[in-house]
Structures are given as structure tokens and as C-alpha cells.
Amino acid sequence: MSKSKQHEFSRRDFLRYTATGAAAATVITPAKAAAAKTNAKIVIIGAGAGGTSAANRLVDQLDGAQITIIDPRPEHLYQPGLSLVAAGLKPASYVTSKTTDWLPDGVNLIAEKAMAIDPEARKVSTQQGKQLDYDFLIVAPGLVLDHDGIEGFSTDLIGKHGIGSLYAGPKYAARTWEAASKFTETGGEGIFTRPATEMKCAGAPIKHAFLIDDITRRAGNRGKANITYAAHSKSLFGVPIVAEKIRMLFDDRGINAAYSHVLKSVDPGTKRAVFQTPDGLQERDYDYLHVIPPQRAPAVVRESGLSWSDKWVDQGWVECDKYTLQHLRYDNIWALGDVAGVPKGKTAASVKWQVPVVVDGIVAQIEGREQRELFNGYTSCPMITKIGRAMLIEFDYKNNLTPSFPGIIAPLEELWISWLMKEVALKPTYNAMLRGLA
Amino acid sequence: MQDLTFGTILAVMEEIFGRGLFWLMVVLAGIVSVAYIYVLIRDRNISWRKFLWAQVSMPFGAIAAVWFVMGVTDSSASDLGGPVDLIVFISVAVAGAVGLAVLVYTIQSLLSPPKK
């Protein structure tokens, strides 16, 4: 062998080293815990973010369980995207997929509405009269928007008469943009409301106000527009340090804050809204009105005796332990997502933290061990303050800020990186959560 | 953020691009990287002429990467709001520049290997 040949890096050597590197990379994947054997019957009411994610995790962690999920809706909604649809940044199709796209094999989907829960007999009845026995029940039906709770309002009005309401669904979020975009061109009085009840993603009405302010400004029409955010209480947000930051940003953007103003009725003909305030009823004229109706637990929950009897009595959220989400009177029932009667957590980010807790509670009972996972109230809100910037606000039950990237992504700063996360990473993370992978 | 593991990041990346496209991009990036190392080891030398062209391509890679990220996220350079934004912005530009330079150098080396 000549000297030059000795130094030559042969193709075979190259392939061998490459293959070795690839083999080394595969060992990074961690070993999966063995699934617990059981023949338990688990019923999940609701195939939204919580129910779907829980079904995927239960299938992975249990061997032999009979898992049934009840939901009549053929469409799955990525609700965090509705704010973007209502600002014309994404089409309505951005938030929709099929319910069946996310459900794992081995789960029985009953495409009906759950009509009644009998926690004593451990049965769920469906709209077409099916009776489902369960050993464990996850109550995750989401919440209902009480549109009738605002006099004079109905979803038919959305997109007309200067009325928007992005929570009502993808079609209505797109119609909301139709009404809002006219306002960004013509200006006038813009009023952005929120209900006095608990609500999902309390940041969304504020984001909508910031986005419409920004779009009006970009169109050169901000001088013609007067924007008011009607807060239901004396504060702009439930977490004091965040409320103060939003107050400062509102000052900066020229957005007026009307405190303790709860929308009571609307007259689309005269474009006049009536607010309940500490000083009595107040009328306000509007050119654009963003309506978010009162929100309550679905009737199946309120009529089943699972709700709190001394808290949120007009709303009916499930009575559960705020750390384990287990029902306080029925230890084989868990609440998950919007319907849970806990002080915080009606967001998809909270669901991401709640699902492992609920699944662990069920698996712990099956395995006869103590529950390991607890929910600390984690809630996250990428608070969009303009197109291109957001604040990545995360907090817990104690109103402590709980930044995921302390020292790197400041929670109370308007940052491009936080906007990138909302635009690029949030939906994929949500989808991965649905599959039980994040 | 909960459970920010390697598996979670992979799952999220699969969702961003779609499973097929993501792994296709990983394989392509792997092939280019391995080919780059291959030509360096094979040639036992840096070709400064090829390296010059690779350097010339770098600003185009930087601009293309920034333009792509800004385009798909409805944002602009005026949205940079803090030090971390500047770091991300520069990182995107550097990644584009280095990526294109590696690609240009590798393609040149594969198409016209040095004469022995």
C-alpha cells in the first residue's frame, strides 16, 4: 500500500462512520414506560383540546382500557387562532380540522351529545339514548357562550351593524374581521368588551383591541378612531402586575379604559350599547362593538349535580380540587379544561398542563399508588400588542409570573420572539399536545 | 413550557412542517453536511477559490433567510423589541449565510474536484 493510499479516506470508511453516527443518534430516544394493564371503562365527555389529548395519553399509558369519547362536533377547533382570524391575519380554515384526525386507534368515538351524567349510578346518557357505564369519567365538554345573555344580540348580527364577536367560531371570527376592517378604514367609536363571568382566554378581548388599534394606525386612520376597552371590573386583567403593564400600554396607544362596564344590551339599529356600571346603566354609541357573551358550563354539567353549589352558581363550573382536578364528591370523576371550577386555567396552555394531571390521577387509581402530578394553575397568554410583537405572559394560581425562559424572554416586554412563538410554534405545539406528545 | 424535551421539540417540528417535509429537510441538511465534511476530508485542503464564491453567496443566504422568516410571520425589522430579538434576528441571518455558503462550497467541490 503506497503512502498516499494510506491517507486516502475511502468511500467505505466514510459510509461506515456515517452509519455509526446515525446509530448513535437513535439511542437518544428515551425508553417508554410500560403500559398498566386494566379493563377499566373510561368515558371522556368532549373531544376538544383536553378530551382528545387525554385520550391519546390514556391509550399510551393503559393496556386494555375501554376508552369512549363523546362529542357530536365533526370539526375540531384550534381556538387560540381565532384572534388571528378576527384580525384578518389568517383565514377561517386556519383553526379547523376534523375531530377524527386526532383520535388514536382503540378509542371509541360516539358522535352524539352527552345529555346526562348520573354520578351515583356511574352512567352517561347520550342524545340518542345510549347508556354508557364508566369506571372513570373525564368531564371535558368545554363551555357554552350565552349569546342570549346580551339583550338584543344574536350571532346573526356578527359582521353587520358594526358588530364583531370572535369567540363564536371560525365563520364568525371571519365575519368579525369584516366588521372590524370597516372600522379600521372609517374610524369612529370602537368599543371592546368582556363579560363579567369567568371566560376562556381573558387576554383575547385585549389582543383584539390592540390588533385593531394597530391595523387602524397602519391604515393611517387612527386619528379618526376612538378606541375604548370596557373592563368588567376595576382592573384590566386578573394578574395585577400584568394589568398594570396593560394599563401603561393602553396609555401609550391611546386606548381608553372604561372600568366596571359590563355589556348588558345592544341595539344594532341605532348602534347603541348599554353597559351596567356602578353608577347605573350607561349608554354608549359605537361604530364597532366587539361582544364577548357571558360563559357558562354546558347544561349536561349544570343539571348533573357536579357543579359547585357555593361558587360561580350562575355559571356551573365543575366542583373539583384545584390541584388534582378530581371531583370533590366523586373520586372517579375529573374535570378538564374550560369546564373545571378552578380560579384559573381556561386556556389551551392550561389544558396542556392539566391533561397529564388528570391522566396521572386515573392511572394512579388503577395502579393503586399516590398521584404524582399536580396542576399549579399555569396559564399562558401570548398577549399580542401589535402585528409583529407580543408579550409571553405566563402565571399561576398565586398570580406569580412563571416565565418559561427566565432571563431570556422577558414576560412583560413587547417582543418579536414572542410574536414568532405565537405565529410559528403555538399551533404545532397545540397539535403535538392533541397527539399526547407535548 | 412543560416537558421541553428532545422528543417534544421533534414532535413540534413535525407539526410545523408536516412529518414528511420535516424529515426530508433533516435528511437533506444531513446529506449536505456530510457531503461538506466528505469533500473537506477527501481534498485535505480548502480551495480558496471555491471558498471565495461561498463567501460571496453569504449575504444572499442571510437576506433570504431573514426575508423568509419575516414573510411567513407577517413581521418586519421594526418589530424587534429587545436584545433577544436582535439575537434571534442575527441568528437567522447567520444560519442562512452559513447554510448557503456550505451548500455552495459543497456543490462546487462535488462538481469540480481538485485535479490530482
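Trainee: How many bridges join β23(A) to strand β24 of chain A?

Mentor: In this predicted model, seven bridges join β23(A) to β24 (residues 389–395) of chain A, and the two run antiparallel. Strands are DSSP runs of E with at least two residues, numbered from the N terminus, and two strands pair if DSSP finds at least two bridges between them.

Trainee: Which residue of β24(A) is the bridge partner of A:S380?

Mentor: The partner is A:E394. In the hairpin, two residues lie between the strands, and A:G388 takes a positive phi near 105°.

Trainee: Why is strand β23 of chain A described as largely enclosed?

Mentor: Eight of the eight residues of β23 (residues 379–386) are buried, so the rest of the structure largely encloses this strand. Buried means under 20% relative accessible area, with a 1.4 Å probe and protein chains only.

Trainee: Changing topic, what does the domain assignment of chain A give?

Mentor: It gives domain 1 (36–72 + 111–143 + 298–367) and domain 2 (147–295); the bounds come from an automatic or database domain assignment.

Trainee: How many salt bridges are counted between domain 1 and domain 2 of chain A?

Mentor: The count is one salt bridge, meaning a side-chain nitrogen of Lys or Arg within 4 Å of a carboxyl oxygen of Asp or Glu.

Trainee: What separates the centres of those two domains?

Mentor: Taken over C-alpha atoms, 33 Å separate the centres of domain 1 and domain 2 of chain A.

Trainee: How are residues numbered?

Mentor: They are numbered from 1 along each chain as its sequence is written. Local features need pLDDT of at least 70.

Terms used
Chains lettered and ligands numbered in written order. Predicted model: local features only at pLDDT ≥ 70, side-chain atom pairs only at ≥ 80, totals over all residues. Heavy atoms only, no water. Buried < 20%, exposed > 50% of the residue type's maximum accessible area, 1.4 Å probe, protein only. Helix = DSSP H or I, 4+ residues; strand = E, 2+ residues; numbered from the N terminus.
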